[in-house]
Amino acid sequence: MPRPFRFGVNLLSPAAEDAWRAKCRRAEELGYDVITVADHLGMPAPFPSLVAAAEATERPRLGTFVLNTGFWNPTLLAREVATTDALTGGRLELGLGTGYVQAEHETAGLPWGSPRERVDHLLRTVEEMDRLLGSEALPHSRSRSSGGTAMPQAVQRPRVPLLIGANGDRMLRLTAEHADIAAFTGARTVEGGTLAPLTDGELDERVTLFREAATGRKEPAELNLLIQIVTVTDDPAAAVQPWLPRIPHLTEQQVLELPIVLVGTLEQIIEQVRAHRERYGFSYLTVLEPNMEAFAPVVEALCGE
């Protein structure tokens, strides 16, 4: 039996308290299963944003999608994760990635490193999360007057669900070994820190590599895909015209066939989503905040399927 669908929305735009809570409530009203926050400079800080989302909603899971792991010290991150899971009532999903924008690290005064070094740091972070969050108490300083106070503990056991965003060979193998949720960007990083979309054949190859690496797992991972473009329309060709200058190496038809593009009538998009699950195994789809309303009828149509 295929895994039931889950749908997430990745919130990107900063907002004041009332506006932030309102859009989180709107995501819940529209039926989204997961509200996530990215980890880029200029966007909302992930953990306080998720705590605020939890206070405004009751049902959705809450996730980082995904943390730029190079921004984080593993021990300090474990404190953030444990506290956030406690304050959200055990609704947190921890998403990790290596990061792909060198300029963000330079702006923050943090080392960028080689691809190998960034993956090494992510692996160390995963291992430290397992060690620290699985222990009775996180490390804490001891006050002379109080004798010390234990850090908050994560609610979820044996751990907060782990999502890893991956595309490269080593990252896919690491994801196959460690992640509860394997998140495919549907794109690869190119020079300058931009992303180039993968064709359906290229994504097939990436998913096949992951599945081969995941052979022997006790529990199969949930597979996620980040959707970049959603447009409900009777004229798909016209709808993708604004995107063609950004990906000039692809024809109009090739853009429409990209796995991260859902353009067509509502019925066509619903069938595309079903086909993604049948072909690749993607039962968990995430859309970007600007597409939250457009994708909502798909969420409603496939709820519980």
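The legends below describe several close-up views of a predicted model.

Residues are numbered from 1 along each chain as its sequence is written, and side-chain values rest on heavy atoms, with hydrogens and water left out. Because the model is predicted, local features need pLDDT of at least 70 and side-chain atom pairs count only at pLDDT 80 or more, whereas totals for chains, interfaces and linings use all residues.

**View 1. Packing of helix α2 with helix α3.** Helix α2 (residues 46-56) and helix α3 (residues 74-87) have axes that come within 10 Å and cross at roughly 5 degrees; helices (H or I, at least four residues) and strands (E, at least two) are DSSP runs, numbered from the N terminus. Axes are lines fitted to C-alpha atoms, for helices over the stretch in contact, and angles run from 0 to 180 degrees between N-to-C directions. The two helices, α2 and α3, are therefore roughly parallel to each other, given that angles under 35 degrees count as roughly parallel, over 145 as roughly antiparallel, 65 to 115 as roughly perpendicular and the rest as oblique. On the α2 side, Phe47, Leu50 and Val51 meet Leu77, Glu80, Val81, Thr84 and Leu87 of α3, where contact means heavy atoms within 4.5 Å. By class, this contact of α2 with α3 has 6 nonpolar, 1 polar and 1 charged residues (Ala, Val, Leu, Ile, Met, Phe, Trp, Tyr, Cys and Pro count as nonpolar, Asp, Glu, Lys and Arg as charged, and the others, Gly among them, as polar).

**View 2. The two cavities.** The structure holds 2 cavities of 30 Å³ or more; on a 1 Å grid over the protein atoms alone, a cavity is a set of points where a 1.4 Å probe fits but cannot get out, a pocket is an open set with protein on both sides within 12 Å along at least five of seven lines, and lining residues have an atom within 4 Å of a point. Grid points are joined across faces, edges and corners, and a volume is the space filled by probe spheres set on the points. The largest cavity, with a volume of about 60 Å³, is lined by Leu94, Val126, Met129, Asp130, Leu133, Arg159, Val160 and Leu162. Helix α5 (residues 115-133) gives the most to this lining, with 4 residues, and by class the lining of the largest cavity has 6 nonpolar, no polar and 2 charged residues. The second largest cavity has a volume of about 30 Å³, and its lining is made up of Val34, Thr36, Gly63, Thr64, Phe65, Glu93, Gly95, Leu163 and Tyr284. Strands β2 (34-37), β3 (61-64) and β5 (92-97) are the elements that give two or more residues to the lining of the second largest cavity.

**View 3. The largest pocket.** The volume of the largest pocket is about 1400 Å³, and 50 residues line it, of which Tyr100, Thr185, Ala187, Thr189 and Leu195 lie nearest its centre. Among the elements that give two or more residues to this lining are α5, α6 (169-178) and β10 (222-227). The lining residues of the largest pocket divide into 27 nonpolar, 16 polar and 7 charged.

**View 4. Two cis peptide bonds in loops.** The peptide bond from Phe65 to Val66 is cis, with omega near -15 degrees, and Val66 lies in the loop between β3 and β4. A cis peptide bond also runs from Arg157 to Pro158, with omega near 5 degrees, and Pro158 is found in the loop between α5 and β6.

View 5. Val9, which is found in strand β1 (residues 6-11), counts as buried at 0% relative accessibility; buried means under 20% relative accessible area, exposed over 50%, and partly exposed in between (1.4 Å probe, protein chains only). Not counting residues up to four places away in sequence, Val9 touches Ala27, Tyr32, Val34, Ile35, Thr36, Thr286, Val287, Leu288, Glu289 and Met292. Glu289, in the loop between β13 (282-288) and α11 (292-302), is buried as well, with a relative accessible area of 16%. Glu289 and Leu11 are 278 residues apart in sequence, and 5.0 Å apart in space, C-alpha to C-alpha.
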